Amino acid sequence: MTEGIVLRDERADTSPIVSDEVKYTTCYMCACRCGIKVHLKDNQIRYIEGNPDHPVNKGVLCAKGSAGIMQQNSPAKLQKPLLRVGERGEGKFKEIEWEEALDLAAGWLQDVRSDDPSKLAFFTGRDQSQSFTGWWAKQYGTRNFAAHGGFCSVNMAAAGLYSIGGSFWEFGEPDWDHTKYFMMFGVAEDHDSNPIKMGLGKLKTREDAKFVSINPVRSGYSAIADEWIGITPGADGLFVMAIIHELLAAEKIDWDYLKRYTNASWLVIQAEGDAADGLFARNATGTTLIATATGELLPHSDRKADPVLVGTYTLPSGKKAVPAFQLMAERYLEDTYAPEAVAERVGIKADTIRRIAAEIADVAFEQEITLDIPWTDWAGRPQEKMTGRPVSMHAMRGISAHSNGFHTCRAIHLLQMLIGTIDVPGGFRHKPPFPKPCPPGPTPAGKETAANTPLNGMPLGFPKGPEDLLVDEAGNPKRIDKAYSWEYPLSAHGLMHSVIHNAWAGDPAEIDVLFMYMSNMGWNSTMNVPDTIRYLTDKKPDGSYKIPRFIYSDAYHSETVAFADLVLPDTTYLERWDCISLLDRPISSAHGAADAIRQPVVALDRDVRPFQDVMLDLGVKLNLPGFAAEDGSAIYPGGYSDYMVNHERTPDVGPLAGWRGEDGSGQGRGGANRAQLDAYIENGCFWEKKFTPEQSYYKFANKSYLEEAVHMGWLAMPSPVVMEIYSETMQKFRLAARGFGDRQPPDHLRDRVETFFDPLPLWYAPFADEDKGEGFPLHAVTQRPMHMYHSWGSQNAWLRQITARNPLFIHADTAAASGITDGDWLWVSSPYGKVKAQAKLMRGVNPHTVWTWNAIGKRKGAWNLKEDAPEVTKGFLLNHIISELLPPREDGYRYSNSDPVTGQAAWYDLRVSIEKCDAADFGETEPMFEAQGAAGLPEPTELLRYGANLKGEASHLDPVPMKDWIGNRKENAGKKSGIKPGHGNQIDGDSEKEKE
Amino acid sequence: MTSLPTTPSKKKLGLVIDLDICVGCHACAVNCKEWNTGGHSAPLTDTDPYGADPTGVWFNRIHSFEVENEDTGGRTVHFPKSCLHCDDAPCVTVCPTGASYKREEDGIVLVNADHCIGCKLCSWACPYGAREYDEDAGVMKKCTLCVDKIYNPNLPEESRVPACVSTCPVGARSFGDLGDPDSDVSKLVAKRSGYDLMPEQECKPTNKYLPPRPKKLGNDAPPPELAPVADSSAGVIARWVDKFLSA
């Protein structure tokens, strides 16, 4: 070592005062809703970290949550209500006072309500308060309400809720502690992302489990999978059915589970041409029937009955019936589902499909696990142990965003039922309030609406049959988005992606006011951007806009702001009260029920208001029942926090489940507690009630759990939830299509309903493959980078340093065949247009698929980014070449580009071709749109020195000892042998220690 | 030039990064940024944050790339990289002012901004590219291993770990004393064959990387093939009828 300078007085300050105060709240940088600790110093945010006690994130925090400071610091924050003064799209506004803005909005809304409330289309996007906004729509009286689930999650929600009473999405999770074989279908980085990351870390570190990723792209989670299967997009259902074929043929199925917990044994009437064909056989009291080995027909609820799953039986009526299982088995045993038959279409070798099926069978049936937890089933029969087949599955966006997503998701659930892995040790676990009865809950309201009159129920619900559709006498849609019509009967989340087009087209009816919140529908959703801009700006011959009024609420200067007539600026998530309620979208885990609040942690510095407060104020101005008292005064004068504490949806059940009742002792039920929010804040802004071990699995048939669920208000009765391999609900729609019943589809829709309302899972090619496969040889899909999923990240000074532009990723061999090299500019064409993008070659992608990061491209002038920002010049959207409509039928009519069962937008169906640009065209993306106005925002800074004034003063305390930290979550330690003290990593010798 | 500690302590604080489970989510990088922009080296300046070339100081960056392998079909690797707090840190010995130094008590390599003249010799000397020059401040900055967090009695005990470690959702990052062979992190490194990054540079990095575990592709010990119980689909159903309805 050379002799050199040694300075002796440079001891670093190891003990600065970090913050003046730490406040707990709930993150809103995406949809996870993690608990956070916000350190505040000198009225600025010093640091945001995960709350170690929180049930969702247990102390971790992702890149988005960690970038919250820059979201709060964003120069794109709207400052004041805006009234449009230029043409729509120009972004020219004048600032107005809130009283004027609210009076204006209330005036427009009152005019509509006094005439026909359904002329208001109220769609709330990324809303996390849907039980509140849905109730507002109900009290106002419009059926035209939904959030963004129609282009996000509804295939997963509906397929799950119509099959197993729960769903993947974020409403269930693999049993990370016990699963030995985990299959993830498609990109799933979008929901539950911190819990899934934590689970994957735990699962891989256990070293006794295999993680299989079925995904066209080997990015993100797929990168750490033991096996990556680069499937062709939209073919997952066929792959799953081939696995089912293999399992059935080899008799690797859980007979007992099917008999006890599913409707596999229920007898299905076989009477072609009869109104009862395909319905379940029932006794005089309406209970479905099963057959025993001796041919006796008994109600399925007979506790002593041992049903059989095959055979043909004669009903008292003389009609024949067979168990649902047999219909299912006959279908998938067909040679058309054999691995060889599907391999090419699926893009996976037959040998691989066969091996995966064998691996599933091996883990499920040869590696069964048993937990020594006695429990009692719904019928009171004591069970000594909890047995599980440790195969688990998860799916979300990659399955959901295809036009065959509903049936594909149902096929995955069928596979889970066949091998008995739902809500068992090692399998997929429900999170409360799920499971619910299949299908769950109330039906959609709004068959009839009247001036100045609330709806008789919530606008969104679950149809149980054709009688629950919202259609007129001729069978035409009643809702502006055509939800719950014969075109998309089970559209339980609405079709937000159809609203703007339909409102423009006046199809099925014109509206007067379009009111949207927190969803950038004018830019990157699932719709075609140039068309959407046209719909929003198009005028009638008299010069007025075709969509007469557009009110929009957003916290930031998004592309959609430019098209609004009136902008109601929202706060950031750190400036507001909020509740994450079990009434809409809970944050429970498989271990227990939970809900949470947000509290304001930083003071407002501009003239904006929380959206929910604004809706309460509008409710009072409109004199809506529930919002305004008889004397016209506000029922919740304290705003949303007042509502959170004092609103009761049904007696003793309100938005928050914790600390209810006057003394705060109520959980789930109890009157209002004035100190409820204090109790939440004291507890870190969340409430959790953990299950006892005996309530933890088999929840669909677990007496203790079912009774708890009734007490908490999640279930009406402690009856078992029977899972449906065969959907009679679907068959009811099909029978209507065949000409039975009072309510039948219009003739031109009969074939469509007949085809897609198959009571068993079905696979068909995504519509884009059928219609436009020729000439467009490549599939094109998107995902968002993990540091931006579900976030507003492109304006975030830190996150945009990670990703500010997006290339088109192409398999190297595919690129080579077209003479494309890294960095070339390409025209990417679809039947709907073309967009220019820069190529990036890779190998971890299905060769017939190209992909890109979604929602990076920004319109010039939006988000207060400079006009030469890479998001503008090089970032592109595939939306420019996606259509929200399918090509015209023969009669010119265009269906929504959506799943025909649920209305889920099919934005992953896209087919494209690629062609290298002329060198002269290299350098900038196209199409390029005119800049939108700055809406009175300040110039963004050139230099950020955030934190320069936050460096702590030395506390001059003696240094404390440092400690080792393995993995990072003490919370997760100890549940499984060999992991200590965090879930991250395993050390030699620990396994033995833990077992002792 | 600056000396390394003449009497280095046995304590060598550092990170262990598990490449088997890193999904490349950037949580560690951003949480590091937010802690440190108000910490020892505050601020981590960002230039042109809303413009054409947003560029800032980051102590931790994630590199994503593909590695091809004919046998296993290749792998996508997410590789987080920050200062490795080397034993033989060339960034220290090259420093003309003594600004760059290695702490005697725990081996953490720090920069004293008051003495840094922004000559950038250290960034040239570091083979890992782990130094971050703050153009605005005119000084070199780098990972501090959250020296103002890990010992800080003003924070609850569970928070006294580097920000990148406490925030990592998959648990891919561990922290501890790699100079103590009995520490949990040292045992982890031993068990998982943790390795030095670019050992040929002879910097003796403290941080260790854990290689990806072998993939379970199913080819090594495949389960028994599934054998159909009958020749045809009708045969399978007929078999079940026989089996279950024999009574």
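Let me begin with a definition: helices (H or I, at least four residues) and strands (E, at least two) are DSSP runs, numbered from the N terminus. On that basis, chain A has 26 helices and 35 strands. Please keep in mind that this is a predicted model, in which local features need pLDDT of at least 70 and side-chain atom pairs count only at pLDDT 80 or more, while totals for chains, interfaces and linings use all residues. Residues are numbered from 1 along each chain as its sequence is written, and chains are lettered from A and ligands numbered from 1 in the order in which they are written.

Now to the overall form of chain A. The radius of gyration, taken over C-alpha atoms, is compared with a globule rule of 2.2 Å times the number of residues to the power 0.38. Because a compact globule of 996 residues would come out near 30 Å, the 28 Å of chain A agrees with that expectation. Along its principal axes, the C-alpha trace of chain A spans about 85 × 80 × 70 Å.

Next, the two chains together. Counting two residues as in contact if their C-beta atoms, placed from the backbone, lie within 7 Å, we find 116 residues of chain A in contact with 99 residues of chain B. Among the elements of chain A that each supply at least two residues to this side are α6 (193-206), α11 (350-366) and β35 (943-944).

Finally, where does β35(A) pair, given that pairing requires at least two DSSP bridges between two strands? β35(A) pairs with strand β2 (residues 46-47) of chain B, in the antiparallel sense over 2 bridges, and within β2(B) the bridge partner of L944(A) is D46(B).

Key. Two strands pair if DSSP finds at least two bridges between them.
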